[in-house]
Amino acid sequence: MAVKESTLAELMSSEDRSLSKLVTLLADLAVQVQQRIPRELGFSAGVNVYGEKQLEMDVWSNELFTKKLLKSNLVRRVASEEMEDVAESKTGEYSIVLDPLDGSSNLKSNNLLGTIVGVYHDKPLPAKGRDLQAAMYFLYGPYLQLVLALKDGVRLSAAAGRGVGARRFVSDGLIHKLPRPPTVYGVGGLREKWTPAVRQFVECLERRKLSLRYGGSFVGDYNQVLFKGGFFAYPELTDSPQGKYRLQFESNPVAFITEKAGGRASTGTGNILDVEPSSIVQRVPTYLGDAELVLEFQSLYKSKSQQA
Ligand code: FBP
């Protein structure tokens, strides 16, 4: 059966016009990031699109997103993984949390990268994940993909328009759910630093024939789980009890996407979206994906903690 192609504006037709404009702006900026990547790798003899001094790609992408968002009249506050403080403008109704180029260490080896964004309606930052109005990530892969979670669910789209509109994002408009049964898993951090609960759970996933998918890029690895069903974690580690991911910029937005896709998001003891934020730079252990698997992990975690 042929599916009708929807534009980004059509996908967002039941949302506030300002939110639709904001997502369109973010999509345009993601296209600019993707176009800049080969230049950063030196394929244009170090020529920078703006003729500026060559900057690290994560610094450049942070400046691009932050400046354009704050100038848009839509965004009042931006907190980014690349900045120590929240940046503010005088106008705008949205507060944005942003990891402008997640996995930037993958740039030179041409592996997957992403931009992660959380959208709050007029909230001071840091904010609680439960208060997110929308969340999304852009995946810079073989094609530029947008995974967008709004209140009614998750939709997938890609920069795949035709002719002069080639930068246009198009979608099948369908609500995407994490498929069942789960078939893949990925867990970050050095294996020797995993706790007994994580080790035991991974062994159990392997016995159930889930395939390992791990490339060291959060959005790239998570996207496999979103498409194939499964479990993804950057867990607590023996030398880093809070793991690696920042609550505001990485864990909350992807937890929101996961819940909207019918899955669950946990810190091991509770729902990521219910964590009270204590600072912009706060980290949390992050376990995401298939609802039953995440619950199963939580009960194993609890029983291991009681034994300890
Ligand atoms: P950055 O915040 O330094 O970009 O690190 C994030 C990240 O690259 C994630 O995308 C990825 O999941 C993780 O680090 C990989 O970490 P590790 O190398 O420890 O497996």
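**Domain arrangement, salt bridges and backbone of a predicted model**

Q: What distance separates the centres of domain 1 and domain 2, taken over C-alpha atoms?
A: The structure is a predicted model, in which local features need pLDDT of at least 70 and side-chain atom pairs count only at pLDDT 80 or more, while totals for chains, interfaces and linings use all residues. Residues are numbered from 1 along each chain as its sequence is written, and side-chain values use heavy atoms, without hydrogens or water. The protein is divided into domain 1 (6-171) and domain 2 (184-307), with bounds from an automatic or database domain assignment. Taken over C-alpha atoms, the distance between the two domain centres is 24 Å.

Q: What area is buried between domain 1 and domain 2?
A: Buried area is the accessible area (1.4 Å probe) lost by two parts on being put together, summed over both. Carbon and sulfur atoms give 64% of the area buried between domain 1 and domain 2. The whole buried area is about 2700 Å².

Q: How many salt bridges are counted between domain 1 and domain 2?
A: A salt bridge places a side-chain nitrogen of Lys or Arg within 4 Å of a carboxyl oxygen of Asp or Glu. The structure holds 12 salt bridges. Between domain 1 and domain 2, the count is four.

Q: Which residue forms a salt bridge with Glu276?
A: The closest N and O atoms of the pair lie 3.0 Å apart. The salt-bridge partner of Glu276 is Lys128.

Q: How many residues apart are Lys151 and Glu15?
A: Lys151 and Glu15 form a salt bridge whose closest N and O atoms are 3.3 Å apart. Lys151 belongs to the loop between β7 (144-150) and β8 (153-159), and Glu15 to the loop between α1 (8-11) and α2 (17-40). Helices (H or I, at least four residues) and strands (E, at least two) are DSSP runs, numbered from the N terminus. The pair thus links distant parts of the chain, the two residues being apart by 136 residues.

Q: Where is Pro126 found?
A: The peptide bond from Leu125 to Pro126 is cis, with omega near 5 degrees. Most peptide bonds are trans. Pro126 is found in the loop between β5 (113-121) and β6 (134-140).

Q: What is omega for the cis peptide bond that joins Arg180 and Pro181?
A: Pro181 is found in the loop between β9 (169-171) and β10 (184-187). For the cis bond joining Arg180 to Pro181, omega is about 0 degrees.

Q: What value does phi of Asn110 take?
A: Asn110 is found in the loop between β4 and β5. Most residues other than glycine have a negative phi. Asn110, a residue other than glycine, has a positive phi, near 55 degrees.
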